[in-house]
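The sequence and the structure come first.

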Amino acid sequence: MNLRNSELIIMNEMTASFSTLSFAPGLEWLNTEGPLSLNKELSGKVVLLDFFTYCCINCMHILPDLHHLEKKHSAKDGLVVVGVHSAKFPNEKVLDNVRSAVLRYDICHPVVNDSEALLWHELEVSCWPTLVLLGPRGNLLFSLVGEGHRDRLMLFTDSALRHYGEQGLLKTHTVGIKLYRDSLPPSVLSFPGKVAVDSSRKRLAIADTGHHRILVVSLSGQLLHVIGGPKSGRQDGELSEASFNSPQGVAIKGEDVYVADTENHLIRKIDLLERRVSTLAGVGAQGTDKEGGAMGPQQPISSPWDVTLGTAGGAEGNVLWIAMAGTHQIWALFLADGKLPKGSESKAGTCLRWAGSGSEENRNNSYPHKAGFAQPSGLASAPEEPWGCLYVADSESSTIRTLALKDGAVKLLVGGERDPLNLFAFGDVDGKGVDSKLQHPLGVAWAPEQSMLYVADSYNHKIKVVDPKVKQCSTLAGTGESGDTLGPEFNKSCFNEPGGICVGDGGKILYVADTNNHQVKVLDLFSKTVSLFPISTDCTDSVPTKPLGATKAPKLPKSAARKEMPPVVVSAGQTLIMSLTLSLPEGTKLTEEAPSCWALSAEGNEWLLESRVVTGEIEDLSKPLSISTKLPAVIKDFNSNPSLTLVVWLYYCMETGNACMMKAASFTQPLQISANGGEEEITVALAHAL
């Protein structure tokens, strides 16, 4: 297909009824040094507007296309991509939540929060995703609706750049980009998506989604295995070599961990006994097949979001159920020979659709292939009678549905409404059946001992409980506001878009992946309290694995204070204690909901800290912070002049509640290493007033 320049001009004339565009004043911007204007910063640029909402799987699917385009053409070439976030759910209008999504999806171009859909309405956009290409004067060229248009997008953009370049209308200046991710402190977890418990061996599997890896941790918090990360990839093989790309769902049984490797469009298996990772289904690229039936490694699949083990016409545990968010369906991967309800025999390794037409709907039906799901994102199996079903967190319809194991009938449990085409029936209402309301739930967990279903009601920042016998849905924990407060009482604790949940200790404990807080939280159903699940940074795995913590401290914001301290004489094996006194401005206090923290690093001399960045939280400034590190017993180079860098990030608010701020400060401590032994400990005092 070839697009001539004249055709671009014709398209431009066809859209001339629209006046040139502008971004409304006062809009919130991310990844930039300030607001952008089509008349100033973007003047002389071909601008691609990506209208998206961060809950939308189709919007996620075009991000690789945009990344491909940005690798080919830079701002100096005349192209700038701008994400226009136009929310579907009320929760998505909040800037902090959009910021988390930008980080989670690794979006590196400017994003404007069009929370009231001003630009959306001005351009008469009608669905997500929509791409709109603008000429160098802000004039409209064309639009593309939906996903799957990479070739046309590349062709039209190339032609526009060539046409306007020949006319001399493009400018080569850069656009001020300031990535929020560069100022973030390191953390053990990054946007954990799902959790799964192995009660028999007292272990927890965690999808550390933002770090592209899977952690296996004892129930006491001892790190047992780190598989994958910190960068994305799709490598099979030894545990120390394997890689993932934003994994979500995890299921663990015995020594096997099954993984929904979401952005690789794969199902993976981690064999902890053989210490290997293999691919069970998918080809590594997004598929469009809505039927399936091929052997797993030859069967294309699309954005698997969750997995759970089950039984279908064969031995116990012979099937892996898959929430296939990308095609709005539930699929089956046979681990051993079996048979779907009312289906034909399937050989081990077969991967095929079980329920869902592939249309994005909230449609219940006795025939599984005629039912419709809308981005199913969480699964929980309840095989025992009288339940005999798979529970499905159907995120875009804001419902919990049941899928009968005996015949595949799909029914509503709670949430949504009766119109199968209405995907906007969301809210936060406790009640029965369709009278209850949820907002984009992502996780479900079944407690057979109590016959109760627990729900991660993600965009309401709550954990809810459903009694399936009477279809009663009630709030269990969370205030409805995003935050990180540990009550510890249920009704005083806060979450931030929790995405995963599982039941442990015979139904007495819930483990929650508190995604945007980068934590796993523990809900004790007996004492009705919430606590933080601790994760040790020392891995007991005998084979070298990739480091858990960051090895490099994040970039400081330009406004950060930087102090270099006088050198201090130290010796091998000595413990250095940095005592830091911090003072907040009068009338302010630390923000409980935000993660004030510190990080100690030794860039250029990583051997000082065994190639790690040591981190901790800052919760109390009434006394000095005491940060200690023991120097190596063997000094590599007595003639070098290494240094340690202590960085603090403080989030604080006015006590009157009118404004909140983030400030950072850096302290560099040069070390003079002596060959002579000294005292066991040495303390240096640091102080800083904000």
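## Basis and conventions

A crossing of two helices is left-handed if the near helix is turned anticlockwise from the far one by less than a right angle, and right-handed if clockwise. Helices (H or I, at least four residues) and strands (E, at least two) are DSSP runs numbered from the N terminus. Axes are lines fitted to C-alpha atoms, for helices over the stretch in contact, and angles run from 0 to 180 degrees between N-to-C directions.

The model is predicted: local features need pLDDT of at least 70, side-chain atom pairs count only at pLDDT 80 or more, and totals for chains, interfaces and linings use all residues. Residues are numbered from 1 along each chain as its sequence is written, and side-chain values use heavy atoms, with hydrogens and water left out.

## Overall dimensions

The chain contains six helices and 45 strands. Its radius of gyration, taken over C-alpha atoms, is 27 Å, close to the 26 Å that the globule rule gives for 690 residues, so the chain is as compact as a globular protein of that length. The globule rule is 2.2 Å times the number of residues to the power 0.38. The C-alpha trace spans about 80 × 70 × 50 Å along its principal axes.

## Helix 3 against helix 6

Helix 3 (residues 63–72) passes helix 6 (residues 150–166) in a right-handed crossing. Their axes come within 10 Å and cross at roughly 30°. The two helices are therefore roughly parallel to each other. Angles under 35 degrees count as roughly parallel, over 145 as roughly antiparallel, 65 to 115 as roughly perpendicular and the rest as oblique.

With contact meaning heavy atoms within 4.5 Å, helix 3 contributes P64, D65, L66, H68, L69 and K72, which meet R150, L153, M154, T157 and D158 of helix 6. By class, this contact has five nonpolar, two polar and four charged residues. Here Ala, Val, Leu, Ile, Met, Phe, Trp, Tyr, Cys and Pro count as nonpolar, Asp, Glu, Lys and Arg as charged, and the others, Gly among them, as polar.

Two strands pair if DSSP finds at least two bridges between them. Six strands form an open sheet in the order 1-4-3-2-5-6, with mixed pairing. Strand 1 (28–30) and strand 6 (140–145) are the edge strands, each pairing on one side only. From one strand to the next the twist averages 20°.

Strand 1 is antiparallel to strand 4 (residues 111–113), with three bridges, and W29 stands opposite V112 in strand 4. Helix 3 packs on this sheet and touches strand 2 (46–52), strand 3 (79–85) and strand 5 (130–134); the helix direction makes about 165° with that of strand 2. Helix 4 (residues 95–104) also packs on the sheet, touching strand 1, strand 3 and strand 4, and its direction makes about 20° with that of strand 1.

A five-stranded open sheet has the order 11-15-14-13-12 and antiparallel pairing. Strand 13 (residues 256–261) and strand 14 (residues 266–271) are joined in the antiparallel sense by six bridges. The bridge partner of D261 in strand 14 is L266.

## Backbone exceptions

Most residues other than glycine have a negative phi, and most peptide bonds are trans. W128 and P129 are joined by a cis peptide bond with omega about -10°; P129 lies in the loop between helix 5 (118–122) and strand 5. Another cis peptide bond joins E385 and P386, with omega about 10°, and P386 is in the loop between strand 23 (376–382) and strand 24 (389–394).

H328 is not a glycine, yet has a positive phi of about 60°. H328 is located in the loop between strand 18 (319–324) and strand 19 (329–334).
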